[in-house]
Amino acid sequence: YVQVGDRLYVDTSLKHLIARTGLRPDINRAAVIQFLRYGAVYGSDTLLEGINKLAALNALAAEGQKLWQYRVTYDGGETGLEQAKSRWESSMQASILACAQGQSVLHMPLSAGYDSNYILYTLSQYTQAPVHAYTLGVRHGASEAEVVKQNAACYPRVQLNIGYTDQETLSHMEDLVWRLEGAVFETGIFLQYELARLIAGQGGTRALCGECADQLMNQDFRIDPEEVPNPHYAQITQDPYAYGAGIVVKKSGIMLNSFGVEGYYPYIDLGLAGLCRALAPINKKGKLYHKALCQKRFPAPVLRRIAKVGGSTPLHSLFESQEQIDDFLVMVRNSGAWRQFAPLLPQESAGEQSGLWGKLRRFVGSEPNLRLVWAKVLSKLRVTQADQYTAQYRRQERQLNQAMRIWYLDVFQRLFVEDFRPQLIGQSLSPRPQVPILQEDWTPMEKCG
């Protein structure tokens, strides 16, 4: 939203807002610093100077010439642990079925993890509608597509559609940024882009998504909501709704909407949020209670194969060779955008570089955690070529992440500041409008295994 004279403009699209107002705002340097660190701009700023957005958990009020945001609280209700346990499954299934209501054909992303598989289990048990499931693999590196293919075969009425992210996905960066409007950068945006194209290509207009189960269930996300995120743990913001609104749902919802698909998120439910508060002591940091329930319900072959690879695309998987990676890094680092934005990249203080955290980062090769540090200690007993490669891989993944963010900002600045064209609103900037689709129509008796 933006105030121009005595008029307030509010819109759900940054493109439409710029077109309606005729404004041509500059890049917001303070917001860029946040974007380069977190992949999103927290609070009410946007990447454009003078244009604001609703901060997570806030509402907008206007009176006369005065505008302000105020905190909104969402009451999911209070309940005890035993009552929460007795209501958990029925409440979760009710939320899933409400999202599916009125649909003759159901569309949903499917991974190899618990959350989307529980959605599919519920749909297969309590509806008779055919399900179009969608998964994304990678052509270079670890992929969960084969596991998803086998799991989908264990449910009736499921047609699996498979797409891939690869170097060709990078050729759509302009279209990707145009659709996301500078809202978020996270390595999963490449997967989300191809996923949304895949669903739209099959005529889907509503998708049941498993996003934000972690934010509601994991104890990690139960921290004081007034605190500023620690840069070492930027992924764990201080409220499940804040992180969901700031990155997770924006990455999914905006991209789906841009292709004419509405994302429905059964785990983002006030009633479930209230139950999760009571279940936090037994869910702990790994959704333990939820997973235990899934283990009682899933078909045995699915349970044997549950092993989520991850919803974010490793940036290495978007390149065919090390030579292509090197060429990409050189291209970005020699660009004017690098000279403009690289000085704003987050820098470690001298203390962080020389202190324990800096030593651990250099030791592990990435942002350290206990598991990585312990694995590295064990590996030091016998340092292998694979171990050295792993550390190099993580370092280069960080370098690619930085370069991608600066490339993203460069494209955003060109499309929304330097050469904004209202006539392109509603159009795709993609050089390849359709994504190839491999359809697999499985029958449980033949393929479940």
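Me: In this predicted model, contact means heavy atoms within 4.5 Å. Among contacts in the chain between residues at least 6 apart in sequence, what percentage joins residues at least 24 apart?

Reply: The chain of this predicted model comprises 20 helices and 10 strands. When contacts between residues at least 6 apart in sequence are considered, the share that joins residues at least 24 apart is 75%.

Me: Which side chain makes a polar contact with the side chain of Glu397?

Reply: Glu397 belongs to helix 19, which spans residues 385-418. Leaving aside neighbours within four places in sequence, Glu397 is in contact with Thr313, Pro314, Leu315 and His316. The side chain that makes a polar contact with that of Glu397, at 2.5 Å, is His316.

Me: How far away from Glu397 is the nearest side chain of opposite charge?

Reply: Glu397 is buried and has no salt bridge. A salt bridge would need a side-chain nitrogen of Lys or Arg within 4 Å of a carboxyl oxygen. The nearest side chain of opposite charge is Arg394, at a distance of 9.7 Å.

Me: Are helix 7 and helix 8 roughly parallel or roughly perpendicular to each other?

Reply: Two packed helices are described by the angle between their axes and the distance between the axes. For helix 7 (residues 173-180) and helix 8 (residues 189-201), the axes are 11 Å apart and the angle is about 90°. Angles of 65 to 115 degrees count as roughly perpendicular. The two helices, helix 7 and helix 8, are therefore roughly perpendicular.

Me: Which residues in helix 8 are met by residues in helix 7?

Reply: Helix 7 contributes Met173, Asp175, Leu176, Arg179 and Leu180. Their counterparts in helix 8 are Ile189, Phe190 and Tyr193.

Me: Does Glu181 count as buried or exposed?

Reply: Glu181 is located in the loop between helix 7 and helix 8. Although not a glycine, Glu181 has a positive phi of about 60°. Most residues other than glycine have a negative phi. Because its relative accessibility is 14%, Glu181 counts as buried.

Me: What is the relative accessible area of Lys284?

Reply: Lys284 lies in the loop between helix 11 (270-283) and helix 12 (288-297). Lys284 is not a glycine, yet its phi is positive, at about 50°. Lys284 is partly exposed, and its relative accessible area is 42%.

Terms used. Residues are numbered from 1 along each chain as its sequence is written. This is a predicted model: local features need pLDDT of at least 70, side-chain atom pairs count only at pLDDT 80 or more; totals for chains, interfaces and linings use all residues. Side-chain values use heavy atoms; hydrogens and water are left out. Helices (H or I, at least four residues) and strands (E, at least two) are DSSP runs, numbered from the N terminus. Buried means under 20% relative accessible area, exposed over 50%, partly exposed in between (1.4 Å probe, protein chains only). Lys and Arg count as positive and Asp and Glu as negative; His and the chain ends are not counted. A polar contact is a pair of N or O atoms within 3.5 Å; within protein, one must be able to donate a hydrogen and the other to accept it, and residues adjacent in sequence count only if both atoms are side-chain atoms. Axes are lines fitted to C-alpha atoms, for helices over the stretch in contact, and angles run from 0 to 180 degrees between N-to-C directions. Angles under 35 degrees count as roughly parallel, over 145 as roughly antiparallel, 65 to 115 as roughly perpendicular and the rest as oblique.
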